[in-house]
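User: Please take a close look at the part where the two chains meet. What holds there, and what is it made of?

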Amino acid sequence: MKDQSHFSSDRRSFLKSSGHLVIGFQLFPALAAITGFEDKSACETQPVADGQTIDAWIRFDADGKLSVITGKMELGQGIRTALMQMAAEELDVPMNRVKIIIADTGQTQDERYTAGSGSIEGSGRAIRNAAAEARQYLLNLAAEKLQTDVANLSVKEGVVMSSKSKNTVTYQELVAGKRLEVEVTGKAPLKEPASYRLVGKAIPRDDIAQMAAAEAYYIQDMRLPGMVHARILRPPVYDSKLVSIQKEQIAKVPGVLKLVVNGNFVAVIADKEYAAVKALEILKTNAKWDSKPLAVLPQNLYNNMLETASAPKVVEESGGSVPAKDFTHEAVYKKPYQMHGSIGPSCAIGLWKNDLLTVWSHSQGVYPLRKTISDLLQMPENKIRVIGVPGAGCYGHNGADDAGGDAALLAMGMPGKPVRVQWMREDEHKWEPYGSAMVLSVKGRIGAAAKIDAWNTEICSDTHSSRPGGNAGHLLAGRHIAKPFTFKSGGFSGGSHRNSVPLYDFSAKKISLRDFYGPLRSSALRSLGAYGNIFALESFMDELAWKAGEDPVAFRLTHLKDERARQVITTMVEKAGWGQGRGEGFAFAQYKNSAAYLAVKAEVSIDKAAKTYQLTKLTAVIDAGQVINSDGIINQTSGGMIQAASWTMLEEVKFDKTGVTSTTWETYPILRFDQVPHTEVHIIDRPGEEPLGAGEAAQGPTAAAIANAIFHATGSRLRELPLTPDKIDWEKIS
Amino acid sequence: MAELITIKVNGKVHKIEADPEMPLLYLLRNDLQLNGPKYGCGIERCGSCMVLLNGKSQPSCVIPAASAAVYEVTTLDGLAKNGRLDPVQEAFIEEQAAQCGYCMNGMIMSAKSLLAENKNPSDEQIRQALNRVLCRCGTHTRIISAVKKAAAKMKNS
């Protein structure tokens, strides 16, 4: 884990190093900024460099260590290892000589959010190019030293050898005594995939060993000297106003240092964590709030969406015109609000010291969070440093940024003291921004030769992104303080219609979107709208296949030209079999219609007497282009399927007029071991293609495959998530 | 209010001045600075805070520290012996049975408790024994493999 002393000693060792090679863009301003750190001993007293000037991607030191520098965050997806693998491969150094520095506005460049399965495609590509540049530079130095041409050189484990003289020189020797700064030209040649020794392999993640050995790894494990503990009293419902609070009662709790009441933002700070927890319990009973009931309730949610959403805007219209009527089939699919449901509630630490605010956070975007805290506190960004430290898996925009805002606000009132904010389970369940409810109305026509010739989808959804992005109104603290910031919707980004356009060849397609302002807070949940859209699209494909009297897999293949798409499907059939029994369901998608291809087969068994079903197995075939770490892809895909199965079979945020009532794991159950299916993942590796992110490809297809399997097993077509057994017509089953 | 609590954790006796009602979890994490048991739900529904009480896995987030003092407490931090990780820890690393890893404490401690009683558990018995512990990343299938591997390791050692 990162701590201050570690950070500064790193810096010092860098500056006093006996030699280094830094690869990045516009390095000279960056080095000027770094020089500013030189005589400062502790991180919190150091000036903060401007993000634009911190732009090194890799650094090679004379001690032989290669540092990979990424603005992306480790979220449990294994990105640290994959990025180190890419750099080590390009330079031909062993993995044990590589380390990585992640998301920190004081050390890494601004790579916005770690989201959308984009880390390999974005950061990975930059790191690979920088490593190639370093290799080229080092080989030129080696050629000079060994008095030969670069073409005669080979590298093994950081040792360069001339094929002529057989003389060698190590990278370390080449760098020793020099301070080399090289800019990325983008012209350095990349290694041929055929020569890869590390990329594509299942290199184990070293952080898993740290976790298993109970080392301090998570932000929750950070213990700073003099740290104090805060708990936040959230209002009962979104727009509640604080009427009164009995401050005297809290002051009597031993260990309480401070009660903060700032408008509707209430927090207690204590010297010991349990004192803060106890004080919070008392606050909950003695605070009086004026609450407006929620206007829309679950029983009329979907109708309300359709009645109040904006007029449709066309997302895509292609091919011939889609008819107004004469569809073969029409269906409406519904998805409720669903949670990220992080196992570890959000946490952050803030420290205001020597005119600099440091915030440790498990945010997915340290730079956007810094900008947002700057807005919240009306303080310049260069006085704020946000350091990313891993938390529990977040799967999108959960409470992490909000907790960062809480810690920043509270730290400003406790100069010199690190203030640790830990959300309670109930806080995370009630206040995280959920994946939006959606209604998907789909129509299709089967024309000549049993082929679909017209398709129409109308999406109705609230936003799938309300990340902070610089606007303090997007932080709970910003909305609750006495002079509140207003929530300015960033508009309805592409998230709502992600994967709504069928990849299939239909002669006419029309997709439109209606924006809905829902009763609950919503934002980015793993795969955004793709989960709901693919659930609808791939369920409807299945429905049309049955209507046409075609096999659902063959039916899809007749509508697909894309070879890679076809191959994941045919490989799925090869590996998992098809058409062998009752209760098989299939679905396919290419994530975002531009990233990883994934086909999935779901198998369910039913117990008619008990009126239940069991999801027994999920098999996926994934093509994520060039494989970086095969085990990482398997782990992410298997996990994605199980998580999606949980969403699909069980999950729905419950609420009533008093607010969200899913406040515990009892009232928001997720999949446990007794219901988890067997999983199997097969990868199609394409070393010659660009590597693609794999973290979100399974979400949508898994949902539809389960629905399709339930239909196959029971004859009941379930179109409203979650697919609970009570929605199955058990009488229908013969 | 505060009381002197004498409690044996990971083989060592500690005397801690604390609120006797304070759940064991806070004593372990804050007073003893242990990282293994994690806060997850605070009401014994997620298993993040599992510890061994006299060898049996139990959540530590509700039981008051003073009541826990009658047991010998073992945490993930205390499983390694003579500088070598426990076979269950080794198996989890070898199987790479984690994504975010936040649940791993609960998984390993539950597996430890299971394997103490049942040297050769079936998949079904593993699922039952780990059912209290929630994993949100969906790493369950690997975790089952890791527990089986740990059982095999313990037999061979």
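**Where chain B meets chain A**

Between chain B and chain A the count is six salt bridges. The model is a predicted one. In one salt bridge, the side chains of A:Glu651 and B:Arg136 meet, with 2.6 Å from N to O. Polar contacts can be counted too: 34 residue pairs, both at pLDDT 80 or more, are in polar contact between chain B and chain A.

On the chain B side, several helices take part. Helix H1 (24-31), helix H3 (87-94), helix H4 (104-117), helix H5 (123-130) and helix H6 (140-156) of chain B each supply at least two residues to the side that touches chain A. H6(B) gives the most to this side, with five residues. Sorted by kind, the residues of chain B that touch chain A are 26 nonpolar, 16 polar and 11 charged.

Next comes the extent of the contact. Chain B puts 53 residues into it and chain A puts in 59 residues. The size of an interface is often given as the accessible area lost when the parts come together. Here the area buried between chain B and chain A is about 4,700 Å², and carbon and sulfur atoms give 54% of that area.

Terms used:
Residues are numbered from 1 along each chain as its sequence is written. Chains are lettered from A and ligands numbered from 1 in the order in which they are written. This is a predicted model: local features need pLDDT of at least 70, side-chain atom pairs count only at pLDDT 80 or more; totals for chains, interfaces and linings use all residues. Side-chain values use heavy atoms; hydrogens and water are left out. Contact means heavy atoms within 4.5 Å. Buried area is the accessible area (1.4 Å probe) that two parts lose on being put together, summed over both. A salt bridge is a side-chain nitrogen of Lys or Arg within 4 Å of a carboxyl oxygen of Asp or Glu. A polar contact is a pair of N or O atoms within 3.5 Å; within protein, one must be able to donate a hydrogen and the other to accept it, and residues adjacent in sequence count only if both atoms are side-chain atoms. Helices (H or I, at least four residues) and strands (E, at least two) are DSSP runs, numbered from the N terminus. Ala, Val, Leu, Ile, Met, Phe, Trp, Tyr, Cys and Pro count as nonpolar, Asp, Glu, Lys and Arg as charged, and the others, Gly among them, as polar.
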